[in-house]
Structures are given as structure tokens and as C-alpha cells.
Amino acid sequence: MTDHDAPLNPACTAVVGLQWGDEGKGKIVDLLAASHDLVVRYNGGANAGHTVVVAGVRTALHLVPSGVLHPGKASIIGNGVVVDPHQLIAELDQLNDRGVDTAGVLCSSRAHLVMPWHKDEDAAREQLLHDDATGAAEAIGTTKRGIGPAYADKAHRVTALRVGDLLADPQTLAAKVRTVCRFKNRTLQTFFDGRDPYDPVAITRDLRTVAVRLKPHIIDSFLTLHRALDERRSILFEGANGTLLDVDHGGYPYVTSSNCSALGIGPGTGVPPQRINRIVGIMKAYCTRVGGGPMPTELNNDLGDRIRKQGNEFGTTTGRPRRCGWLDLVALDYAVKLNGCTEIACMLLDVLAGFETLNLCVEYELDGKRTGHFPPDADTIARVKPIYETVDGFTSAITQVRHRADLPDAARRYLSLIEERTGTPIRIVSVGPDREQTIRD
Ligand code: IMP
């Protein structure tokens, strides 16, 4: 084999959500982190959430990558993430209090800061949409973590602050904050009638306190990641949210504001795509969604309630009940193609135990015609009707099963139908929340 043919890095893996988020990515990242040297998040912010159990206590993490519980591994917040510095400090403090070493949690200096005005604007925009009498658009149902406005400022440039700005000399930082406050106090005035304007002095003071705490964690992530690649160390890329919420490829405008699919890894980390040779798409055995926007297979009935109850489908970040429905193979196939998945992990299969029959959406009906294509915008997605194939369910509990061959026939058939439709092997099946409750053959 010539140098030219040598594998670039045999263990650079991406973990991405294939639906509307909450697919169970945290469990798979935790599982795969053991065989990687670095874990890197590339998109989103504190809108994401996963729960980890540390010293018997459940802790919800929103910004710190799931790899943090693996001692000796770097957990990197990539440049594509929008970072609420107070949230990051709170998570670091919580982890430290529980005895977790957070020295390996590193944050890109190129990542953008989520500032108070972003959260204020997020809430105000949602309220305005909610109150909008024209009915042209509905509230997105955001997490109100300031995600959209922070990414908008990133595109605006001069009203953005980056993590690296925290390390600037005091005069430079103060000048930047003054500029941003000048814009924010003027542009947001109509939203916040009668309230105090943002005070650049108080905000600079706060950022300088934040800077002291975060300084040891701030890095030039390009250097760190490319040095790791040169040393042939393995990187695990952790996607937040889910492919159908991707700002470019999801059901626009009911999406989040970043590229949640694997396509976001390049811009969100500075690592070129050919470095990644394994892309694990994470799916739930059914569908859930939080917030607004269409979901073709949603069940607004007892069946939906039953899935919600059996799957404990309530949001980690906002606690909102999740909308539940049957598995949508049209949307899943779209997401698998978009990400270039080399394999799938099917999560929460155990939740479907006990249903006599299961429905799989195999096509949509749109304007009287059948289609297997996921439409490019929310208005069209809202008009499709799911066409179901009904298959036998499995009545026995499967949480103790550890080999695919030992699953009930109906469960194995269910998995095979997913593989056939997506042309992609399911290499991991999760049958419970614990690490051990995983089928990997
Ligand atoms: P934002 O990301 O807070 O702006 O919210 C935009 C939409 O994405 C809303 O419908 C949220 O509920 C949804 N969303 C954002 N992050 C997640 C996630 O991690 N899981 C599930 N839904 C999410």
C-alpha cells in the first residue's frame, strides 16, 4: 500500500441524530468515546441536552460534550457551537462538585458567545409570533436559549462576540461590547419598551469575570484538532439536535439555526470531510418532536400518549412533553442519505414492546399522488399524509436481550425493514438506558 492509499485516520467517527433530536445520541457517544481520544461538538448550544449519571446523581449537560465522563479524553466545544458562558461555567462547577475532572473540557476561541440580548430576543420573537394575528407563521417553539439570535449575529459579524474575545485586553473587550450594546439598545428597543438598556460597563465587567474562570479552557481548536490528526489520534464528532432540524436541510423554517447533520462538521470544527470515515446515524424506533412544525406521523391519541409514557418522552432542556408518532421511513431515508451514514444505531426499541401491531410510514400522499421524497419546506411537509405498512408487534419485553438473533421475530423483521429501506446496516440496537442494554452484533 502506498502512502497515498493509507487510511487517513481509521477511527474518526461522527454521531448524528437522524430525526428531530433526542434520539439518544448521548448513550452512543458515551459508548464510542471509550475507543476515541477526543470528543468534539460542532453545532448548536445549550438547546441540546443529555443526562449523565455521576456518583449516582443525574446531571443534565447542555454544552459540555458527552465524552467528559471518560478520564483523560479531551472534550472539545468546537467553533460551530454557540456558547452561553454562564451555562458552561455552571456545568463545569456541577461536574467538579461531583468529582469529575474537567481539565479536558476545552472550548474553541472561534466559538460564538450567547449573550443576554440573544436570550431576550429569542423569547421576544417567539412571543411576537405567538401573538401574530395574521397567522402567516406560528411560533417555532424554540428552547429560548438564544440560539437563533446568536447565530444571526455570527452572520452579522460586528454585533457578535466570540469566546476568544474574552482573552482580549480590557480596552479592546470594552470597545467591542460598547459597539454591540449600541446596536442592541437601538434595534431591540421596540421589543423591550420601557426597560433598562444593556449597560456596556456592567456587561464588560461580567465578561471579564467569566474570562478568568474560562481562560484555562480556551484553545485554538484548529491547532488542537489538526495536531491530533497528525498524531493519528481518533476523534469522535458529536452532533447536537437532529438532521430534520438542520437549518439548510430540515423542515424550514421550523428548524434550529445550525447544521446539525454531519455536513456541519467541516464548518463547525475545521476538520475536512474526508477525515471522517464512519458516520453513525442515531434513530429512535419511533418518532418524537418538541416545539412547532409538521411531523407527518404524529399520533394525537392514546397511542401517542402510550409511546410518550413508555418512552418517558419529556425534554431534557425544557421539560416539555414530546410529540410522539410512528416511525417515518421517508424522513429517515432522507436523513441517512443526507448524512452519508455508514451505519445506523436504533435506539429505544424496547419502548415499542407490547404493541400488537406497529405502523411504519413507507410513503407520503401529496396532492393525491404517492411520493417517497421528503419535501423541502414545512408548508409542504404539513400537507403530506403518511401511508403506513402495518407489521406485527412484539409483545415480550426485550430489555434483557443482548444478541440480535435472540430478539423476537417481529422485532428483527422491524429492524430489517429499516435496513432495506435505507440500504444501511443497523449495527447497534439499544434496548434500555444502561450501557449494558445494548445489542452490538
Ligand atoms: P432553538 O434551537 O432553541 O432555536 O429551537 C428551534 C427548534 O428546534 C425548536 O422546535 C426546538 O424544540 C428544537 N430543538 C432544538 N434543539 C433540540 C434538541 O436538542 N432536541 C429536540 N429539539 C430541539
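In what order do the strands of the open sheet stand, and how many strands form the sheet?

1. The model is a predicted one, and its open sheet is formed by 10 strands in the order β9-β7-β5-β2-β10-β1-β11-β15-β19-β20, with mixed pairing. Strands of a sheet pair through backbone hydrogen bonds, either parallel or antiparallel.

2. The edges of this sheet are taken by β9 (218-219) and β20 (438-439), each of which has a single partner strand, so that one side of each is left without a neighbour in the sheet.

3. Turning to helix pairs, two packed helices are described by the angle between their axes and the distance between the axes. For α3 (residues 116-131) and helix α4 (residues 147-156), the angle is about 120 degrees and the axes are 7 Å apart, which makes α3 oblique to α4. The crossing of these two helices is right-handed, and the contact is made by Trp117, His118, Glu121 and Asp122 from α3 together with Ile147, Pro149, Ala150 and Asp153 from α4.

4. Because Glu121 and Arg125 are four residues apart in helix α3, about one helical turn separates them. The structure as a whole holds 22 salt bridges. Side chains of opposite charge can pair when their charged atoms come close.

5. A further helix pair is that of α5 (residues 170-187) and α6 (residues 200-214), whose axes come within 9 Å and cross at roughly 135 degrees, and the two helices are therefore oblique to each other. The crossing in which α5 passes α6 is right-handed. On the α5 side the contact involves Pro170, Leu173, Ala174, Val177, Arg178 and Cys181, and on the α6 side Pro200, Ile203, Thr204, Leu207 and Arg208. The residues of this contact of α5 with α6 divide into eight nonpolar, one polar and two charged.

Methods. Residues numbered from 1 in each chain as written. Predicted model: local features only at pLDDT ≥ 70, side-chain atom pairs only at ≥ 80, totals over all residues. Heavy atoms only, no water. Axes fitted to C-alpha atoms, helices over the stretch in contact; angles between N-to-C directions. Parallel < 35°, antiparallel > 145°, perpendicular 65-115°, else oblique. Left-handed = near helix turned anticlockwise from the far one by under 90°. Contact = heavy atoms within 4.5 Å. Nonpolar A, V, L, I, M, F, W, Y, C, P; charged D, E, K, R; others polar. Pairing = 2+ DSSP bridges. Salt bridge = Lys/Arg side-chain N within 4 Å of Asp/Glu carboxyl O.
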